[in-house]
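This report walks through the architecture of one protein chain.

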Amino acid sequence: MDKQKRYLKVYEDVREDIIGGRYETGSKLPSKRVMAEAMGVSVITIEHAYELLAEEGYIIPKEKSGYFVSFDDSEIYIGKGSVEKKTVMPGKKIRVAKNMGEAAFSYSIYAKTVRRVLSEYDSRVMEKSPKTGMNELRSAIANYLGRSRRLEVSPEQIIIGAGAEYLYGLIVQTFGRDIIYGVESPSYQKIAKVYEAGGAELLMLKLGSDGVESDELWNGKMKLLHITPYRSFPSGVTASAAKKREYLKWSRKKDGYIIEDDFESEFTPSRKPEETIFSLDEEGRVIYVNTFTRTIGSYARCAYMVLPMNLISAFSEKIGFYECPVPTLDQLVIAELIESGDFERHINKVRRYNRKGAQSQK
């Protein structure tokens, strides 16, 4: 087993012990040296695993004292007046690559891919796309999500659209205007504008230090919750592991649905991809949305959403007549970038840059 797999295995084992209650909230984890001896790995491996657990909110480091469990999956947040008020704190300032420079996708690779697609597919690039998107792209996305995000999905669960805003509109068309939509406050302003343009009634939910404040979440009357768990714009707030599970508990107890807007999370400086709420969902209550405008470029006006299996028929019935607005050529090019490995190599390059930036701020 290589070094990367070792620390990820330790991370997963300790995480499951924390979630399962073996390590209770507030308890101290074994020291890095003791844990290393128990698991038969190096102290550095344990250190990397503990860093991941701290980044995701499972544990917190205390100087000269060790690591303590901060994950709290109890239900103390249900009910009025039972939670501590938290204010939104600005996101930690780290060096993050922008669309130009370090985050810019290689023009030569993109141009070469376009030429290859034109040559291989010939006149097929002029054909109209199926309504949910080209199968080549949906299959490539499904494979990519399985490799990189541990999301086991099929191509039929994926709908292609011209940008995330377009997909938000389809969501309103499907769920209708008779329910209340909950949106983070503050949040990317276009999210609220698209829902309002579709005639939806909005409830703005205050953000705390790790996500929507619990009293706002549980006392709200919304049936659909739109959240950006990773570095919500403009606050920079990232949902903790406990908050992600709280969102899921809300969806179950309130019979609601969650729109997980995963914009930009691929570029996390962490040693592993962000844990998605979709991957934790066991009841089909999360719709996953992401876009290529950040990972490839603003010229790639292409986004996708992943539906739980139980919502496929509802979406097909309500919006199945919509034509896919993304040109066939663009879809085939993105599919080729993913299947060739160029897409993931670019993401890994930017993540390494961001990780160095984060480390330089410590």
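## Helix α4 against helix α12

In α4, the residues I109, Y110, T113, V114, R116, V117, L118 and Y121 meet L329, L332, V333, E336, L337 and S340 of α12. Contact means heavy atoms within 4.5 Å. By class, this contact of α4 with α12 has 10 nonpolar, two polar and two charged residues. Ala, Val, Leu, Ile, Met, Phe, Trp, Tyr, Cys and Pro count as nonpolar; Asp, Glu, Lys and Arg count as charged; the others, Gly among them, count as polar.

Helix α4 spans residues 107–121 and helix α12 spans residues 328–340. Their axes are 9 Å apart, and the packing angle is about 115°. That makes α4 roughly perpendicular to α12. The crossing of α4 past α12 is right-handed.

## Model and conventions

This is a predicted model, in which local features need pLDDT of at least 70, side-chain atom pairs count only at pLDDT 80 or more, and totals for chains, interfaces and linings use all residues. Residues are numbered from 1 along each chain as its sequence is written, and side-chain values use heavy atoms, with hydrogens and water left out. Helices (H or I, at least four residues) and strands (E, at least two) are DSSP runs, numbered from the N terminus. Axes are lines fitted to C-alpha atoms, for helices over the stretch in contact; angles run from 0 to 180 degrees between N-to-C directions. Angles under 35 degrees count as roughly parallel, over 145 as roughly antiparallel, 65 to 115 as roughly perpendicular and the rest as oblique. A crossing is left-handed if the near helix is turned anticlockwise from the far one by less than a right angle, and right-handed if clockwise.

The protein chain averages a pLDDT of 88 (the predictor's confidence in each residue, from 0 to 100). At least 70 is reached by 89% of the residues. Over residues 79–101 the pLDDT is below 50. Beyond near neighbours in sequence, that stretch has 48 contacts in the model.

## Helix α5 against helix α12

Helix α12 also packs with α5, at an angle of about 30° and with axes 8 Å apart. The two helices are therefore roughly parallel to each other. Here α5 passes α12 in a left-handed crossing.

From α5, the contact takes E136, L137, S139, A140, I141, N143, Y144 and R147. From α12 come Q331, L332, I334, A335, I338 and E339. By class, the contact of α5 with α12 has eight nonpolar, three polar and three charged residues.

## The seven-stranded sheet

Seven strands form an open sheet with mixed pairing, in the order β3-β9-β8-β7-β6-β4-β5. Two strands pair if DSSP finds at least two bridges between them. The edge strands, each pairing on one side only, are β3 (158–161) and β5 (201–206). Neighbouring strands are turned by 20° against each other on average, direction ignored. Strands β8 (residues 286–291) and β9 (residues 303–306) pair in the antiparallel sense over four bridges. V289 has M305 in β9 as its bridge partner.

Helix α5 (residues 135–148) packs on the sheet and touches β3, β8 and β9. The direction of α5 makes about 120° with that of β3. Helix α9 (residues 241–253) lies across β6 (224–227), β7 (257–261) and β8. Relative to β7, α9 runs at about 150°.

Helix α2 (residues 32–39) packs with helix α3 (residues 43–55) at about 110°, with axes 8 Å apart. That makes α2 roughly perpendicular to α3. Their crossing is right-handed. K32, R33, M35, A36 and M39 of α2 touch V43, I46, E47 and Y50 of α3. By class, the contact of α2 with α3 has six nonpolar, no polar and three charged residues.

Strands β1 (residues 59–62) and β2 (residues 66–69) run antiparallel and are joined by four bridges. I59 has V69 in β2 as its bridge partner. The hairpin has three residues between the strands, and K64 takes a positive phi near 65°.

A cis peptide bond joins S185 and P186, with omega about 5°. P186 lies in the loop between β4 (180–185) and α7 (189–197).

The bond from F233 to P234 is also cis, with omega near 5°. P234 lies in the loop between β6 and α9. R231 lies in the loop between β6 and α9 too. R231 has a positive phi of about 45°, although it is not a glycine.
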